[in-house]
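Please keep the sequence and the model in view while reading.

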Amino acid sequence: MGALEALTGLVRKGGDLSPYLPMGLTGRAEFLAAPQSRADLERVMAAAKADEISLRVLGSGHHVIVAREEVPGLVLVLAAEAFTKVEVRGEWIVAGAGAPLSAVIEVAARAGLSGLEHLVGEPGTVAGALRLRVPEGEDALIDHVQRIRAVSASGRSEELDAAMLRQGNNSHDPFLGAVIVEVEFQLDVQDQESIDQRLKRCWIERRIKEPLRNNTVGPVFRGADVTDLLRKSDVARRGEGCAEVCDRNPNYIVVRSPANAGEIIGLIEAMRLRVRERFHVDVERQINIW
Ligand SMILES: Cc1cc2nc3c(=O)[nH]c(=O)nc-3n(C[C@H](O)[C@H](O)[C@H](O)COP(=O)(O)OP(=O)(O)OC[C@H]3O[C@@H](n4cnc5c(N)ncnc54)[C@H](O)[C@@H]3O)c2cc1C
C-alpha cells in the first residue's frame, strides 16, 4: 500500500468530484482529499510526493472541465473552514484560498476597504482567480496581494514572493506546483458610500461586457486580442449540445442543463478550428481540461 492510500480518513480512492463541480458536471478522482487543516494538507501532499502521484487542486471549478470519467492522481479540494475563512486585520483582508471571491468582496466592503470591487460578479475562489491572473497580472489583483501562504509540492508550508509573481516569470504555473492556502490583500481605506458606488458601477460594466451567470465557463482561450479574434471569426451563438458560445463575450461558454463535459470540449475545439480557418492563427486554450 502506498503512503497516500495509507492515509485512510484523509484520502478517498475513486472519490466523487461532483459535489465540488459547478453546473451539475460530474467526475471522479483516482484519489480525492478534502483536508480540514493545513497540517492535514501537508501530510497528504508529502504522501503524494513520496508515491510520485500527480496532484491537482480544484477551486470552484469554473475554469476546469473534467473530461475523463476518472482524473488520474490526487485531486485536492480546499473547502473546509480552515481554507475558506475571511478576516479583516486592519487594512488587510486575510482570505483562505478556497473562500469565494464574493465573500471577500463583501467583507472588504463592509470593513470600508477598497480595491477588489472590480471582481464583483465573478464566480470562483481566491486562489482560482489569482492563478488565472498571474503571470498576466490582469485586473491588477496581484497588485493588492501582500502575502501568499502555500504548501510546496513536497508538502512544506512556505510563503510565496508576491513581488516576484507580480513581475511574472512567463511560466504557465508561476506557483511551481505549490498549493495556495491563504492570501493577504492590502486594501485602501475608503468611505462606505464611495465603495458602494464603485461596486454598483463595476457590476453594471460587467453586465454590459461579460456573462454574469454562474452557468458559464471561461475565459476559454488565452491572450489580450482573443475575444476580438473570436468575434471576427463569427463564433457567437455557435452551439454543441448543452454548450453555447456566449453572445456578450465569445471567449465564454454558457452551459445548459444537463451539462455534458464532452459537448463543452467539442465546442471549444470547434471555436479553435473556426479561428484557424478564418485567420490561420492557433489560439491557445486557457481553460483547464483534466
Ligand atoms: C461569469 C464569469 C466571469 C469571469 N470574469 C473574469 C474576469 O473578468 N477576469 C478574469 O481574469 N477572469 C474571469 N473569469 C474567470 C474566473 O476568474 C475563473 O473562472 C475563476 O476565478 C476560477 O476560480 P475557481 O475557484 O473556479 O478555480 P478552478 O476553476 O477550480 O481552478 C482554476 C485553476 O486554479 C487552480 N487552483 C485552484 N485552487 C488552487 C489553489 N488553492 N492553489 C493552487 N492552484 C489552485 C486550479 O488547479 C486550476 O488550475 C470569469 C469567469 C466567469 C464564469
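The lining of the largest cavity draws at least two residues from each of α2 (101–110), β8 (113–114) and α5 (192–209), where helices (H or I, at least four residues) and strands (E, at least two) are DSSP runs numbered from the N terminus. The largest share of this lining, 3 residues, is supplied by α2. The model is a predicted one, in which local features need pLDDT of at least 70 and side-chain atom pairs count only at pLDDT 80 or more, while totals for chains, interfaces and linings use all residues. Residues are numbered from 1 along each chain as its sequence is written, and side-chain values use heavy atoms, with hydrogens and water left out.

A cavity here is a set of points, on a 1 Å grid over the protein atoms alone, where a 1.4 Å probe fits but cannot get out, and lining residues have an atom within 4 Å of a point. Grid points are joined across faces, edges and corners, and the volume is the space filled by probe spheres set on the points. The count comes to 1 cavity of 30 Å³ or more, and the largest cavity holds about 30 Å³ of space. Its lining includes Ile105, Leu113, Glu117 and Leu199, and by class it divides into 7 nonpolar, 2 polar and 1 charged residues (Ala, Val, Leu, Ile, Met, Phe, Trp, Tyr, Cys and Pro are nonpolar, Asp, Glu, Lys and Arg charged, and the others, Gly among them, polar).

Around the ligand there are 35 residues, of which Val57, Gly59, Ser60, His63 and Glu122 are the closest, a residue being counted if one of its heavy atoms lies within 4 Å. The shell comprises 16 nonpolar, 11 polar and 8 charged residues, and α3 gives its largest share, 6 residues.

| Protein atom | Ligand atom | Distance |
|---|---|---|
| His62, backbone N or O | oxygen | 2.9 Å |
| Glu122, polar side-chain atom | oxygen | 2.4 Å |
| Thr125, polar side-chain atom | oxygen | 2.7 Å |

Taken alone the ligand exposes 980 Å², and the protein buries 96% of that, with accessible areas from the Shrake-Rupley method with a 1.4 Å probe.

An open sheet of 4 strands runs in the order β13-β16-β15-β14 with antiparallel pairing, two strands being paired if DSSP finds at least two bridges between them. Because β13 (216–217) and β14 (239–240) stand at the edges with a single partner strand each, one side of each is left without a neighbour in the sheet. The antiparallel pairing of β14 with β15 (residues 243–245) spans 2 bridges, and Ala243 in β15 is the bridge partner of Glu240.

Definitions and conventions. On a 1 Å grid over the protein atoms alone, a cavity is a set of points where a 1.4 Å probe fits but cannot get out, and a pocket is an open set with protein on both sides within 12 Å along at least five of seven lines; lining residues have an atom within 4 Å of a point. A polar contact is a pair of N or O atoms within 3.5 Å; within protein, one must be able to donate a hydrogen and the other to accept it, and residues adjacent in sequence count only if both atoms are side-chain atoms.
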